[in-house]
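User: I am new to reading protein models. Please take me through this one in short questions and answers.
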Amino acid sequence: MKKESSRIHSFFRSGKGDSPAKKLLIHLILIMASVIAVYPFLRVVAISLRPGSQLLSTDLSLIPSNATLENYRTLIFEKDFTIWLWNSLVVSLTTVIVGIVLSASAAYAFSRWDFPGRKQGLVFLLTTQMLPPSMLLLPIYVMVVRLQLFNTYTGMILAHSVGAVPFSIWLLKGYYDTIPRELEEAALVDGASRLEAFYKIIIPLSTPALGVCGLFSFMTSWSEFMMARVMLQKADLFTWPLGFQKLLDQFTTQWGVFSAASVLVAVPAMLLFMYSSKWLISGLTLGGVKE
Amino acid sequence: MIPLTWEIASRGLTEAGRILVMLAVGVAVIEALAYLILHKWLKLKNALPFMLMLPAFIAVVALVIYPFLFNLQLAFSNMSMYRFKEFSVGLSYGIQNFLDVFRAPVLQNVTFAQLLLRTVVWTAVNVFFHVLGGLFLAILLNRPLRGKAIYRTLLTIPWAIPQVIAALAWKNEFHYQYGFINVLLQKLGFAPVQWLSDPKWAFVAVIIVNIWLGIPFMMVIILGGLQSISPDYYDAAQIDGASGFQQFRAITMPLLKPVLTPAIILGVVWTFNNFNVIYLITKGGPMEGTDILVTSLYKAVFEFYRYGFGAAYSTVILIILLIFTWIYLKVTKGMGEVADA
């Protein structure tokens with residue numbers, strides 16, 4: 001009797017008592033959900049392999065007949081693909097460095113000192129993440145134009161740093177909080193200054209966190225579209241999101257090339273995301289809940 | 001085609017190098033000044049933390065606070081394409097801009113009230129399905145199961161793909177003749193749908209895409225929450241004879257709340273502010289039929305060049321977002337107190 005009820009009641013917990021039929025049902029549901037999650041991307045791969053003559057077809061198979069790498073060749077040798085990747089790389093790597101340099105020490109101050117205005121500062125940093133990016137678009141655009149930074153990498157990097165700096169401070173502060181204070185106190189007893197303790201103990205211990213933080217800033221800047229759309233109008237400055245959008249303006253001719261480009265950008269991005277997602281999640285939840 | 005020549009490559013490196021040098025010099029100057037003023041002159045006890053924060057503080061002021069205030073100033077100006085350099089600021093311009101938000105179509109056809117309603121529908125429908133789908137999948141994944149890690153990885157893919165790529169790829173798939181959705185519908189014996197040329201269906205299309213994109217985030221967050229609930233609670237509930245649904249309501253939901261509340265706020269803010277999905281798939285069209293507040297804001301500013309108006313409009317949008325969040329926090333907190341009592 002007890003066993004029976006525990007089986008019935010265990011639906012919402014990680015119980016062990018699933019009957020084979022129920023297990024099968026769960027697998028079926030999860031397989032279906034996985035197909036829905038993955039299929040659109042597999043389609044992109046399939047279309048990227050289609051030869052030009054078969055680009056427009058109602059074929060749903062995942063490996064087209066006469067699969068060819070023609071689209072990849074066109075993309076790399078006849079489109080500005082390498083330029084787009086280069087531009088994106090310059091912008092996002094510089095944004096990462098700016099973000100880390102400015103936030104690493106600020107986050108330390110937030111983590112270790114109880115100065116007046118600390119709590120308000122933290123709340124403020126969180127609030128900036130809620131500002132609609134479209135709201136700061138106009139003032140930043142006007143500022144960039146006035147500083148004569150329109151159509152430059154510098155303007156783009158400034159625009160991307162808007163989000164990167166507060167986000168990095170918030171994330172790093174959460175990590176510093178987990179480093180025991182005793183480590184620095186021991187160094188202070190040994191005659192080191194607070195600043196030395198920070199550079200010689202905290203920074204080396206935080207290398208993984210700094211890396212993760214840089215990775216997130218990188219991924220955000222790397223895929224950013226709206227700011228780039230406004231700040232860049234010269235084709236040799238386009239980042240890849242802009243370039244991709246332009247590619248698709250001519251739907252029928254460029255579908256295959258666009259798909260090839262998507263595969264080349266999305267696969268590394270997805271691997272990077274899978275690799276780093278567990279830190280992102282703890283940063284989003286823990287960092288957000290902890291005071 | 002523009003080849004990636006050494007000239008272009010070195011231009012990028014030079015600009016990046018210049019920024020980094022300026023950053024280093026800037027930080028050094030700021031720190032030196034701060035050291036002299038805060039430590040030597042004012043002899044502040046907290047001089048060091050202030051010095052550690054100062055460069056980031058100045059950056060935040062320059063990149064967030066100043067643009068924000070500048071935006072408010074622009075809301076009270078007559079700035080437009082023809083008055084980009086020489087615009088004037090005055091209360092009457094501000095009143096005019098703010099009134100314009102409410103009294104005429106924001107762009108050409110659709111009024112503010114309609115856009116607001118559509119944004120609320122867009123946000124509510126999306127977040128509802130994100131939470132529902134995420135909760136459902138997370139509950140399934142929280143059970144002992146073979147191949148759990150594989151399912152989890154596959155199910156996270158929509159979140160892992162760069163949003164721009166996902167949105168553009170979906171745009172192709174809504175093509176009337178060659179997109180897989182219509183091909184599939186026809187194979188199943190349904191009539192193909194005019195996805196992107198009929199405003200109603202276009203709105204359905206962007207919602208489908210955004211639901212697809214957003215479920216993995218909620219799933220992962222909720223799964224983390226479920227895994228942190230101790231099984232003891234369920235054991236105790238079973239001894240007391242609680243049914244599965246009762247356990248869900250009395251144990252799972254309340255204990256998920258600390259995880260779910262911030263996740264839902266984030267979800268609402270992200271969805272409300274989501275520009276990419278709608279702009280890349282439909283550009284807000286056809287006939288402004290899929291515009292939400294933020295896409296129409298973008299178009300008012302960068303396609304209609306109504307800068308002063310746009311600044312006022314964005315202020316209104318921000319206020320709405322703040323009220324949204326505030327109400328949500330109030331309501332959920334209120335519910336928490338009821339549950340505690």
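User: Is K173(A) buried or exposed, and at what relative accessible area?

Analyst: This is a predicted model: local features need pLDDT of at least 70, side-chain atom pairs count only at pLDDT 80 or more, and totals for chains, interfaces and linings use all residues. Residues are numbered from 1 along each chain as its sequence is written, chains are lettered from A and ligands numbered from 1 in the order in which they are written, and side-chain values use heavy atoms, with hydrogens and water left out. Buried means under 20% relative accessible area, exposed means over 50%, and partly exposed lies in between (1.4 Å probe, protein chains only). K173(A) therefore counts as buried, at 4%.

User: Which residue does K173(A) meet in a salt bridge?

Analyst: A salt bridge is a side-chain nitrogen of Lys or Arg within 4 Å of a carboxyl oxygen of Asp or Glu. Side chains of opposite charge can pair when their charged atoms come close. Here the N to O distance is 2.8 Å, and the partner of K173(A) is D177(A).

User: How far apart are K173(A) and D177(A) along helix α7 of chain A?

Analyst: Helices are DSSP runs (H or I, at least four residues), strands are too (E, at least two), and both are numbered from the N terminus. Helix α7 spans residues 153–177 of chain A. D177(A) is partly exposed, at 28%.

User: Which helices hold R194(A) and E184(A)?

Analyst: The side chains of R194(A) and E184(A) form a salt bridge at 3.8 Å, N to O. That pair ties together parts 10 residues apart in sequence, because E184(A) lies in helix α8 (residues 181–189) of chain A and R194(A) in helix α9 (residues 194–205) of chain A.

User: Which residues do salt bridges with shared partners join into one network?

Analyst: The structure holds nine salt bridges over all chains. Salt bridges that share partners make one network of R112(A), E184(A) and R194(A).

User: How much area do chain B and chain A bury between them?

Analyst: The contact (heavy atoms within 4.5 Å) takes 112 residues from chain B and 112 residues from chain A. Buried area is the accessible area (1.4 Å probe) that two parts lose on being put together, summed over both. Carbon and sulfur atoms carry 77% of it, and the total is about 10100 Å².

User: Which residues of chain B lose the most area to chain A?

Analyst: Three residues together give 7% of what that side buries. They are L52(B), R143(B) and Y178(B).

User: How many salt bridges are there between chain B and chain A?

Analyst: One pairing is E173(B) with R43(A), at 2.8 Å, N to O. The count between the chains is two.

User: How many helices does chain A have?

Analyst: Chain A has 291 residues, and buried ones make up 58% of them. It has zero strands. The number of helices is 13.

Notes. Contact = heavy atoms within 4.5 Å.
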